[in-house]
Amino acid sequence: MNNKYWWLQMLLGIAFIGFGLWFWFTPAETYITLAVFFSYWIFITGIFEIFNAFGSSKHSGQWVLYLIGGIIDLGIGGILMAHENLTMEILPIFLGFWLLFRAIMLIVMYYELKRTSKGASGMLLLAAILSGIFALIVLAKPVVGDLAIVYSTAFAFFFIGVYRVILGNNLRKTIK
């Protein structure tokens with residue numbers, strides 16, 4: 001992972017935390033608008049992940065994984081933006097899988113950071129695991145109701161954001 005892009009991790013983290021808090025405090029409105037915002041968010045995340053992959057290509061053996069994840073996010077975000085009504089119907093299942101994929105990528109990033117830097121914090125792994133747990137909750141109970149999806153998504157976004165902020169801070173500290 002390229003340390004000079006620490007700020008990108010911080011920006012993504014702050015955005016994820018902000019969206020997580022917004023989801024938590026506006027549950028009724030959130031489910032209605034979640035499909036639209038989720039589609040755009042996946043698309044934007046894909047763009048950032050692609051930049052991160054190319055920026056990390058000289059420093060990371062996992063850069064191809066980041067690139068594939070970014071391309072997948074970009075493509076899925078584009079499809080969902082074009083079909084918002086369908087997105088509302090499949091949102092719980094799709095969201096659960098997307099959040100689980102993100103949690104797995106965060107775990108991979110943690111172990112890579114741990115292998116290449118002494119600044120890897122156990123809090124990164126905890127945040128990644130908690131993101132995965134909330135993703136599994138969304139997958140296990142997609143028909144429980146709108147609020148379960150909103151709150152599980154809020155928690156997952158929040159912990160993904162915490163992970164990214166901690167990661168960005170750790171990367172910033174390792175710049176020479």
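Trainee: Which residues do ring pairs link into a cluster here?

Mentor: Keep in mind that this is a predicted model. In it, ring pairs join F16, F19, W22, F23, F37, W41, W98 and F157 into a cluster.

Trainee: How many aromatic pairs does the count come to?

Mentor: The count comes to 18 aromatic pairs. To read one, look at how far apart the ring centres are and at the angle between the planes; planes over 60 degrees apart count as edge-to-face. Take W22 and F37: their ring centres are 5.3 Å apart and their planes stand at 80 degrees, so this pair is edge-to-face. W22 belongs to helix α1 and F37 to helix α2 (residues 27-56), so the pair links distant parts of the chain, 15 residues apart.

Trainee: What about F134 and F155, what kind of aromatic pair do they form?

Mentor: That pair is stacked, with 4.9 Å from centre to centre and 20 degrees between the planes. This pair also links distant parts of the chain: F134 sits in helix α5 (residues 122-140) and F155 in helix α6 (residues 146-173), 21 residues apart. F134 is buried because its relative accessible area is 17%, while F155 counts as partly exposed at 32% relative accessibility.

Trainee: And which ring does the charged end of R172 sit over?

Mentor: Here you look for a charge placed above the face of a ring. The charged end of R172 sits over the ring of W6, 5.9 Å from the ring centre.

Trainee: Let's turn to a helix. How many residues does α1 have, and how far does it reach?

Mentor: One way to read a helix is to set its end-to-end reach beside an expected span. Helix α1 (residues 6-25) has 20 residues and reaches 29 Å from first C-alpha to last, which is close to the 28 Å expected at 1.5 Å a residue.

Trainee: Which residues of α1 are buried?

Mentor: The buried ones are L8, Q9, M10, L12, G13, F16, I17, G20 and F23. F25 has 62% relative accessibility, so F25 counts as exposed.

Trainee: Which residues form the nonpolar patch on the surface?

Mentor: The patch is formed by L21, W24, F25 and F155, which together have about 410 Å² of accessible area. Its largest share, three residues, comes from α1.

Trainee: Now the charges. How many salt bridges does the structure hold?

Mentor: It holds three salt bridges. To read one, find a side-chain nitrogen of Lys or Arg within 4 Å of a carboxyl oxygen of Asp or Glu. E49 and R102 meet that way, at 3.2 Å from N to O. They link distant parts of the chain, with E49 in helix α2 and R102 in helix α4 (residues 84-116), 53 residues apart.

Trainee: Are E49 and R102 buried or exposed?

Mentor: E49 counts as buried, at 1% relative accessibility. R102 is buried as well, with a relative accessible area of 2%.

Trainee: Which residue's side chain meets E49 in another salt bridge?

Mentor: That is R164, at 2.6 Å from N to O. R164 lies in helix α6 and E49 in helix α2, 115 residues apart. Both R164 and E49 are buried.

Trainee: And where does D73 come in?

Mentor: D73 forms a salt bridge with R102, and the closest N and O atoms are 2.5 Å apart. R102 lies in helix α4 and D73 in helix α3 (residues 63-82), so this pair ties together parts 29 residues apart in sequence. D73 is buried, with a relative accessible area of 0%. Through shared partners, the salt bridges join E49, D73, R102 and R164 into one network.

Technical notes
Residues numbered from 1 in each chain as written. Predicted model: local features only at pLDDT ≥ 70, side-chain atom pairs only at ≥ 80, totals over all residues. Heavy atoms only, no water. Helix = DSSP H or I, 4+ residues; strand = E, 2+ residues; numbered from the N terminus. Expected span 1.5 Å × (residues − 1). Buried < 20%, exposed > 50% of the residue type's maximum accessible area, 1.4 Å probe, protein only. Patch = residues over 30% accessible without salt bridge, like charges linked within 9 Å, V, L, I, M, F, W, Y side chains within 5 Å. Areas by Shrake-Rupley, 256 points an atom, 1.4 Å probe, with all protein chains shown as cover. Phe/Tyr/Trp six-rings, centres within 6.5 Å; stacked < 30°, edge-to-face > 60°. Lys NZ or Arg CZ within 6 Å of the ring centre and 35° of its normal.
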